[in-house]
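Trainee: May we go through this entry by question and answer?

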Amino acid sequence: MKKRKESMTIIARQEHGISRKIMSQNALRILYRLKDNGFVGYLVGGCVRDLLLGREPKDFDVVTNATPGEIKRLFRNCRLVGRRFRLAHIHFQGEIIEVATFRSQASNEPEPDAKEADEAELRQRHPRMLKDDDGMILRDNVFGTPEEDALRRDFTVNALSYNIADFSIIDYTGGLADLNAGIIRTIGDPDVRFQEDPVRMLRAVRFAAQLGFTIEEQTRRALVAAADTIVRSAPPRLYDEMLKLLLSGEGAKCYDLLRRTGLFAALFPAFSSWLDAESDGFPHTRFGEMLGYVDSRTQQGDKVSPPLLLALLFGQYIDEKAERFRRQGSPWQQSVDAAVAEFMGETCPIVMITNRVGIALRDIISQQMRLKKIPGRRPEAFTARHDFTDIIQYCRITRGDKKDVAKQLDWWAAQAQQQGPVPVPAELTEETNAPHRKRRRRRRRKPNGKSGMEGM
Ligand code: ATP
Ligand code: MG
């Protein structure tokens, strides 16, 4: 039975398909303890959405009317975190559950009903939300009601709550209808919501791609209009968000949406123009192929490391840069270093790839040369490198279809498995693989015209 209370819909336990059996038992324990101590406790956000869709949630988030201090007193395994907003992390073996106090997204203006509000409520509701001149939220730290907590969320499908008190679902925003129709729609005015936090545009793209949903028309128009403003978000956050998109298992779909909405060109302007152009009369198709490859790997549950991901996606672009440096006279190694540095220099002001990942990316590309030297100096040290698998995989995926490369890779695979030396087939010896090796100096002839070996 559905009850409508003002703008709220409650879907009773028997009306929805969520069973407690498929929930995190730790999250349930937390909800029950909150309830037993007289507090309200809901599961919220992505986990409710995913449970309703029959997908396995990535994480379980709990909201409550208990304050962070009260949560801490209830749970021994609790740590309070967060500067912007105090959250409780409840630690279990192999799982951390986030428990947050209901919060609101108040405006900058003083609340009109502030005088009427009672003392206790006022103490809880410090008007500490701060927006910059362009309307972007800089800080929001205001306790609120369950409804306010739902309304501050990004999309209607992400604002559903599961109430432990009666096992019902509470819907303040029409999220259930949108979930059933497969629609991503911002809560409230999409222009305002994307202005407050441009990262929401990337989240809209990710959810649409991941869930196979469509972005509602008004939301989509606002997104296209605001696409350029994505660069106002913090570069480290954009990097994290891009990784989530590209490693979502639907990276190709995400890219397609990013491109059609103008977000991709805003995030990667230089790379995007390169991708649109041709090299030597050929379009750049590898990027698309690599997205497909990464998707198939992630869908099978395999992990692709961020440096390998970046190498696969941007390797061809970086190789072209390196080739330019090489033609200007730099040695190979230095050309790759300079190319990766140039790539980082143009990307990081918008999407902040960490230095550690940048170095690992450079290593994957520059170590490709080493693979050709068989056995080379100390092959066992090479196979023991922490990034050996990424180096090999990069080679296999980008050049593995060539016969000689496949043979080299087989040799390295054998070398990696075996402790001792692995015989080198004649066609793979360093001699045949290293055409630029220095010639051995000829022995000088003795003045009498006889070689030094003679007469020994
Ligand atoms: P997933 O974890 O599967 O990537 P999710 O929806 O759970 O998806 P989280 O990043 O875990 O995403 O965030 C949890 C919830 O917090 C969201 O469902 C949403 O309600 C809210 N939320 C997250 N980011 C924002 C944001 N930028 N603006 C508003 N609400 C947000
Ligand atoms: Mg989540």
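**Pocket lining and aromatic pairs**

Trainee: Which helix gives the most to the lining of the second largest pocket?

Mentor: The model is predicted, with local features needing pLDDT of at least 70 and side-chain atom pairs pLDDT 80 or more, whereas totals for linings use all residues. Residues are numbered from 1 along each chain, and side-chain values use heavy atoms, without hydrogens or water. At least two lining residues each come from helix 8 (199-211), helix 14 (286-299) and helix 10 (235-246). With three residues, the greatest contribution to this lining is that of helix 10.

Trainee: How is the ring pair of Phe264 and Phe287 classed?

Mentor: The structure holds 20 aromatic pairs (ring centres within 6.5 Å; planes under 30 degrees apart stacked, over 60 edge-to-face, the rest tilted). Phe264 in helix 12 (residues 263-267) and Phe287 in helix 14 are 23 residues apart, so their pair links distant parts of the chain. Because the centres lie 5.9 Å apart and the planes meet at 55°, the pair is tilted.

Trainee: What is the angle between the planes of Phe382 and Phe388?

Mentor: Phe382 and Phe388 are both buried. Their rings are 5.7 Å apart, centre to centre, and form an edge-to-face pair with a plane angle of 85°.

Trainee: Which Trp belongs to the cluster linked by ring pairs?

Mentor: The cluster includes Phe264 and Phe287. Among its other members are Tyr255, Phe268, Phe271, Phe314, Tyr317, Phe343 and Trp274.

Methods
Chains are lettered from A and ligands numbered from 1 in the order in which they are written. Helices (H or I, at least four residues) and strands (E, at least two) are DSSP runs, numbered from the N terminus. Rings of Phe, Tyr and Trp (its six-membered ring) pair if their centres lie within 6.5 Å; planes under 30 degrees apart count as stacked, over 60 as edge-to-face and the rest as tilted. Buried means under 20% relative accessible area, exposed over 50%, partly exposed in between (1.4 Å probe, protein chains only).
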